[in-house]
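Today I opened my notebook to look up charged side-chain pairs. Here is what I jotted down, entry by entry.

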Amino acid sequence: MTSSSPLNSGIEGHITLHGKHYKLPSQPTVVVCIDGFDPTYLGQGITDGILPAMQSFVEQGFHATADAAMPTFTNPNNVSIITGVPTCVHGIAGNYFLDRATGDEVMVVDDSLLRGSTILAEMAGRGVRVAAITAKDKLRRILGHGLNETESICWSSQCASKDILAWLGKGGDAAVVANPPSQYSAELSLWVLDAGVKLLEEKRVDLVYLTLSDWVQHKHAPGSPVANEFMAAIDTRLRQMVGLGAAVAVTGDHGMNDKCDDQGNPNILFLQDKLEDAFGQGCARVICPITDPFVKHHGALGSFVRVHVSHAHMADVESMVEFCRGFTEVEMVLPKDEAARVFEMPEDREGDFVVVSKTNTVVGSKAVEHDLSSLQGHRLRSHGGLSEQRVPLLMSKPIHPAEDLVGKRWRNFDIFDLILNRRQ
């Protein structure tokens with residue numbers, strides 16, 4: 001990494017991306033995305049007295065409840081956050097999609113589908129010392145878009161090198177250093193935050209993006225002992241960052257809801273099974289965009305799916321839409337063009353129609369394609385729909401100027417504008 005930066009060279013100015021201007025950071029600046037950060041975790045944590053740093057943000061800094069990008073999954077929202085725009089602009093609208101050209105189902109694990117640049121890359125191009133650290137390695141390959149690895153930091157705790165683990169002080173012996181934390185652990189996220197703290201301590205960064213994993217939120221409801229322990233650990237690290245002189249902003253990529261009935265059984269609509277029963281085998285393919293390399297905690301079941309109708313059944317699209325609207329589990333069914341317009345998604349990457357389920361339900365494809373055995377007695381908690389669109393938007397400093405916020409619709413991808421342009 002280069003040693004010079006706007007903070008120690010007196011450089012002023014801004015970058016422009018997708019028609020928006022962002023000032024270069026005037027002090028160390030940290031943006032944190034808490035994966036699965038439903039507002040109830042913030043509210044319950046403040047009530048329980050375990051989030052003093054975030055409570056101070058709410059009371060003395062800035063706090064709003066914002067809307068995430070649709071669908072409310074990890075990839076779309078992290079990319080929206082680092083680009084400042086909805087998915088219709090940057091092009092990544094899921095973790096998993098059907099390639100219409102090849103007919104193949106593809107997992108999004110790199111930046112090959114990303115359209116345009118990112119705030120991080122543009123800042124690095126102006127000499128800002130940028131770090132992007134994520135729990136999930138699939139995101140590292142997206143966040144690193146346009147970053148020069150010799151001048152910027154882009155790491156994941158999932159695939160952290162031995163040198164990085166040792167530098168973090170996480171390995172007291174060779175065995176620990178050689179093994180990064182489990183994908184299915186709170187530690188995967190806490191290491192991300194610890195790395196951010198250490199980079200601030202060593203004065204190696206000007207602008208930091210830290211994005212976590214939602215393993216805890218998928219399994220543990222707000223106020224539960226494990227959730228409280230995890231949120232308190234996050235809060236401790238936020239307090240450390242502020243104490244090191246950083247301006248800190250926090251949001252989430254999506255919320256989280258319980259998807260079970262009163263007996264603890266998952267409320268699942270296996271939509272492809274239903275469509276094939278009604279319209280014939282092979283009539284359509286239901287794609288679950290929540291699918292990613294981390295599926296044990298949700299079984300690839302979320303509250304938003306895309307339906308691709310086979311060529312032989314294109315005449316049945318309207319009938320299929322009406323058929324899907326008849327299920328009690330379903331909140332909304334929209335044809336391709338309307339879905340793209342209403343949810344600000346790229347139409348050229350849409351299914352023939354989309355299905356969004358209600359708050360306490362999820363939608364799958366075929367029952368045989370979803371493995372729920374790894375829930376291990378936990379209630380199914382998941383996301384993807386409109387019911388998971390609301391997330392907190394917090395900043396350690398007050399907004400400036402003190403504008404009238406009545407009626408403003410905040411988005412989670414306003415966070416870089418907030419922390420770089422609007423803070424006192």
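Entry one, the count. I searched this predicted model and came away with 21 salt bridges.

I looked up Asp67 and found Arg409 as its salt-bridge partner, with 2.7 Å between the closest N and O atoms. Asp67 belongs to strand 4 (residues 62–67), while Arg409 sits in the loop between strand 19 (390–395) and helix 16 (415–422), so this pair ties together parts 342 residues apart in sequence. I then checked accessibility: Asp67 is buried, at 10%, and Arg409 is partly exposed, at 45%.

I noted a salt bridge between Asp137 and Arg141, whose closest N and O atoms are 3.7 Å apart. Both residues are in helix 7 (residues 137–143), and their spacing of four residues is about one turn of the helix. Buried or exposed, what is Asp137? I read 8% relative accessibility for Asp137, so it counts as buried, being under 20%. Arg141 comes out as partly exposed, at 36%.

I found Arg285 and Glu369 joined by a salt bridge, at 3.1 Å from N to O. For Glu369 I wrote down 38% relative accessibility, partly exposed.

Note on methods. Residues numbered from 1 in each chain as written. Predicted model: local features only at pLDDT ≥ 70, side-chain atom pairs only at ≥ 80, totals over all residues. Heavy atoms only, no water. Salt bridge = Lys/Arg side-chain N within 4 Å of Asp/Glu carboxyl O. Helix = DSSP H or I, 4+ residues; strand = E, 2+ residues; numbered from the N terminus. Buried < 20%, exposed > 50% of the residue type's maximum accessible area, 1.4 Å probe, protein only.
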